[in-house]
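Dear colleague,

I am passing on a structure that you have not worked with before, and the notes below it set out what was found. Please read them with the structure open beside you.

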Amino acid sequence: MSSLNKGIGKVEVTLKWDPSPMGEPPHDLDIVAATYTADAPYGEPAYLVHFDSRSPDGTITLNRDSKTGQGFGSDEVMTLELERLADTYARVVVGVAIQQGEGRKTFDQVPNTAVQIREGYEELSANDFSGVARSTAATVAEFVRGEAGEWHHTVVLRGYDGAPEEFASHMGIPDQRPS
C-alpha cells in the first residue's frame, strides 16, 4: 500500500433485539455480508456470508447466531477482516434480514433492534432501524476498497420488503429505494 491512509482493517458488526413475548413465534434476525469483485462491484455477489456459512478464505465470519434474541449483549456478531481480503474484492455490503417463517415481520414489530459497526473501540456507525421500520430487511453498511488498497466505510440504511432469499441479490444495489 503506497498511501499513509491505512483505511479500515478489521470491523465487527453486532446486532441485538429483544425476544418475542412468551407464546409468540421467535424473532430471528440475521446479519448478511455480500462480497463483490473489482470486475463487477455492482453485479451479483461473488459470495455471501450468513448463518451456517463463512467466506471461503475465512476473512468474514459469523461468530454468534441467535434465532430468538435471548441472551445478554449482542445476539449476532460478524467479523470482517477487510485488510486480509484478496485484491480481487473491491466492495463488501452488510445487511440485516428478518426471517419470515412465521408470517411477514418488519423491523417495527421487533422490539429494541440495534446494529453497531466498530473497528476496535471506535464506533463507525449505529442504527435502530427506525428509518426502515416497515421493511423486512435492510442494507446497513458498505465497505469499498480505495485506489491505494485501503478500505473505507459508508453508512447506508436502505430498506427492502421481501423474502430474505431475495434480499441477498438486492442488498448491494446502490439506487435501491427504501420501502
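Of the 179 residues of the chain, what percentage count as buried? The share that counts as buried is 47%. Please keep in mind throughout that this is a predicted model, and that the values quoted here were computed from it.

To begin with the overall layout, the secondary structure of the chain comes to one helix and ten strands, and the order from the N terminus on is β-β-β-β-β-β-β-β-β-β-α. Among contacts between residues at least 6 apart in sequence, 66% join residues at least 24 apart. The chain exposes about 8,900 Å², of which carbon and sulfur atoms supply 49%.

Next comes the interior. In soluble globular proteins, nonpolar side chains tend to be buried together. In this chain the largest nonpolar core has 32 residues, and those with the most contacts inside it are Met-78, Leu-80, Leu-82, Val-92, Val-94, Phe-129 and Phe-143. Among the elements that give two or more residues to this core are strand S1 (10–16), strand S2 (29–37), strand S5 (76–81), strand S6 (89–98) and strand S9 (137–145), and S6 gives the most, with five residues.

Asp-30 is found in strand S2 and counts as buried because its relative accessibility is 2%, while its side chain makes a polar contact of 2.7 Å with the side chain of Gln-99.

Turning to the aromatic residues, a search of the whole structure finds three aromatic pairs, and two of them are described here. In one of them, the rings of Tyr-47 and Tyr-89 have their centres 5.5 Å apart and their planes at 80 degrees, so the pair is edge-to-face. Because Tyr-47 lies in strand S3 and Tyr-89 in strand S6, this pair ties together parts that are 42 residues apart in sequence; Tyr-47 and Tyr-89 are both buried. The rings of Tyr-160 and Phe-167 have their centres 5.7 Å apart and their planes at 40 degrees, so that pair is tilted, and again both Tyr-160 and Phe-167 are buried. A further aromatic ring, that of Tyr-36, has the charged end of Arg-91 sitting over it, 4.9 Å from the ring centre.

Finally, there are two backbone details to look at. Asn-112 has a positive phi of about 55 degrees although it is not a glycine, and Phe-129, which is not a glycine either, has a positive phi of about 70 degrees. Asn-112 is found in the loop between S6 and S7, whereas Phe-129 has its place in the loop between strand S8 (122–127) and S9. Is each of these residues buried or exposed? Asn-112 counts as exposed because its relative accessibility is 54%, whereas Phe-129 is buried, with a relative accessible area of 0%. Phe-129 is also one of the residues with the most contacts inside the largest nonpolar core.

With best wishes

Definitions and conventions
Residues numbered from 1 in each chain as written. Heavy atoms only, no water. Core = buried A, V, L, I, M, F, W, Y, C linked by side-chain atoms within 4.5 Å. Buried < 20%, exposed > 50% of the residue type's maximum accessible area, 1.4 Å probe, protein only. Helix = DSSP H or I, 4+ residues; strand = E, 2+ residues; numbered from the N terminus. Polar contact = N/O pair within 3.5 Å; in protein donor to acceptor, adjacent residues only side chain to side chain. Phe/Tyr/Trp six-rings, centres within 6.5 Å; stacked < 30°, edge-to-face > 60°. Lys NZ or Arg CZ within 6 Å of the ring centre and 35° of its normal. Contact = heavy atoms within 4.5 Å. Areas by Shrake-Rupley, 256 points an atom, 1.4 Å probe, with all protein chains shown as cover.
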